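Please open the structure in your viewer and keep the selection panel at hand.

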Amino acid sequence: MMFIVQLKFSENKSQAKTYMQGHNEWLKTWFDNGIFVLSGSIQPNVGGGIIAINITREDLDEIVAGDPFVKENIVTPEIVELSPSKYDERLAFLLDT
């Protein structure tokens, strides 16, 4: 399964700088574990997005809950499960998991 995680800024957006290091360490952990394969900002400056693979929805819920931005209510997470049915061959590696 593949998931798209949207992390939309909440009213505590101004606290992001305080928790940015912890958020970046959290991202690195899950990239290193092969769960996150892409992350970036949602424009115009409304939050961030992550693509996750190799995981169940339940486990991803736990991982997302561990993000310092989520813990401190800097972002509100939304997780969408995607079942790809068509893809460019360059992305085939994402489906071989």
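**A tour by selection**

Begin by selecting Asn 73, which is partly exposed, with a relative accessible area of 31%; here buried means under 20% relative accessible area, exposed over 50%, and partly exposed in between (1.4 Å probe, protein chains only). Asn 73 lies in the loop between α3 and β4, where helices (H or I, at least four residues) and strands (E, at least two) are DSSP runs, numbered from the N terminus. Although Asn 73 is not a glycine, its phi is positive, about 60°. Most residues other than glycine have a negative phi, and most peptide bonds are trans.

Before moving on, note that this is a predicted model, in which local features need pLDDT of at least 70 and side-chain atom pairs count only at pLDDT 80 or more, while totals for chains, interfaces and linings use all residues. Residues are numbered from 1 along each chain as its sequence is written, and side-chain values use heavy atoms, with hydrogens and water left out.

Next, select Asn 54, in the loop between β3 and α2. Asn 54 also has a positive phi, near 60°, in a residue other than glycine, and it counts as partly exposed at 40% relative accessibility.

Now display the strands. Four of them form an open sheet in the order β2-β3-β1-β4, with antiparallel pairing, two strands being paired if DSSP finds at least two bridges between them. The edge strands, each pairing on one side only, are β2 (36-42) and β4 (75-82). Between β1 and strand β3 (residues 47-53), which run antiparallel, there are seven bridges, and Phe 3 stands opposite Ala 52 in β3.

Within strand β1 (residues 2-9), select Met 2, which counts as buried because its relative accessibility is 9%. Beyond its neighbours within four places in sequence, Met 2 is in contact (heavy atoms within 4.5 Å) with residues including Ile 51, Ile 53, Val 80 and Leu 95.

Finish at helix α2 (residues 57-65), whose buried residues are Leu 60, Ile 63 and Val 64. These cover an arc of only 95° around the axis, so they sit on the same side of α2; the arc is that of the directions from the helix axis to the C-beta atoms. On the other side of α2, Glu 58 and Glu 62 are exposed.
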